[in-house]
Amino acid sequence: MTSEAIKARLRELCSRRAPDLADEDDIFEVGGVNSLFAIELLTFVEEGFRIRLEDEDLDRKFFRSINAMAALVERKLDAQG
């Protein structure tokens, strides 16, 4: 899966909460995230990309923006081989 394809899927989910969100925007600062959406986002990332998030992956910095989430997904997919 390409980086752009990963970002497109993440944009689709995030656009429900923050329609004008740019890839580098901090979703916590624009007010697009509450606790329910954070859980939805974690579930989407794990199930949608078929990766397993470990405790060290649950740092806010990895979910701050579409770019950050895409980098996390790419790293996890690469590690799976």
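**View 1. Packing of helix α2 against its neighbours.** In this predicted model, the buried residues of α2 make their packing contacts with α1 (3-14) and α3 (66-80). The buried positions of α2 are F37, L41, V45 and F49. Seen down the axis of α2, these buried residues fall within an arc of 80 degrees, so they line one face of the helix. An α-helix has 3.6 residues a turn, so residues three or four places apart point the same way.

**View 2. The exposed side of helix α2.** On the other side of α2, the exposed residues are S35, L36, I39 and E47. The helix covers residues 35-49, which amounts to 15 residues. From its first C-alpha to its last, α2 reaches 21 Å, close to the 21 Å expected at 1.5 Å a residue.

View 3. At the N-terminal end, α2 is capped by N34, which places a side-chain oxygen 3.1 Å from the backbone nitrogen of L36. Just after α2, R50 adopts a positive phi of about 55 degrees.

View 4. The chain contains 3 helices and 0 strands, arranged along the sequence as α-α-α. Its C-alpha trace spans about 35 × 25 × 20 Å along the principal axes. The radius of gyration is 12 Å, which agrees with the value near 12 Å for a compact globule of 81 residues. Of the 81 residues, 33% are buried. Among contacts between residues at least 6 apart in sequence, 57% join residues at least 24 apart. The accessible surface comes to about 5,000 Å², with 48% belonging to carbon and sulfur atoms.

Technical notes: Residues numbered from 1 in each chain as written. Predicted model: local features only at pLDDT ≥ 70, side-chain atom pairs only at ≥ 80, totals over all residues. Heavy atoms only, no water. Helix = DSSP H or I, 4+ residues; strand = E, 2+ residues; numbered from the N terminus. Expected span 1.5 Å × (residues − 1). Buried < 20%, exposed > 50% of the residue type's maximum accessible area, 1.4 Å probe, protein only. Arc of directions from axis to C-beta. Contact = heavy atoms within 4.5 Å. Polar contact = N/O pair within 3.5 Å; in protein donor to acceptor, adjacent residues only side chain to side chain. Rg over C-alpha atoms; globule rule 2.2 N^0.38 Å. Areas by Shrake-Rupley, 256 points an atom, 1.4 Å probe, with all protein chains shown as cover.
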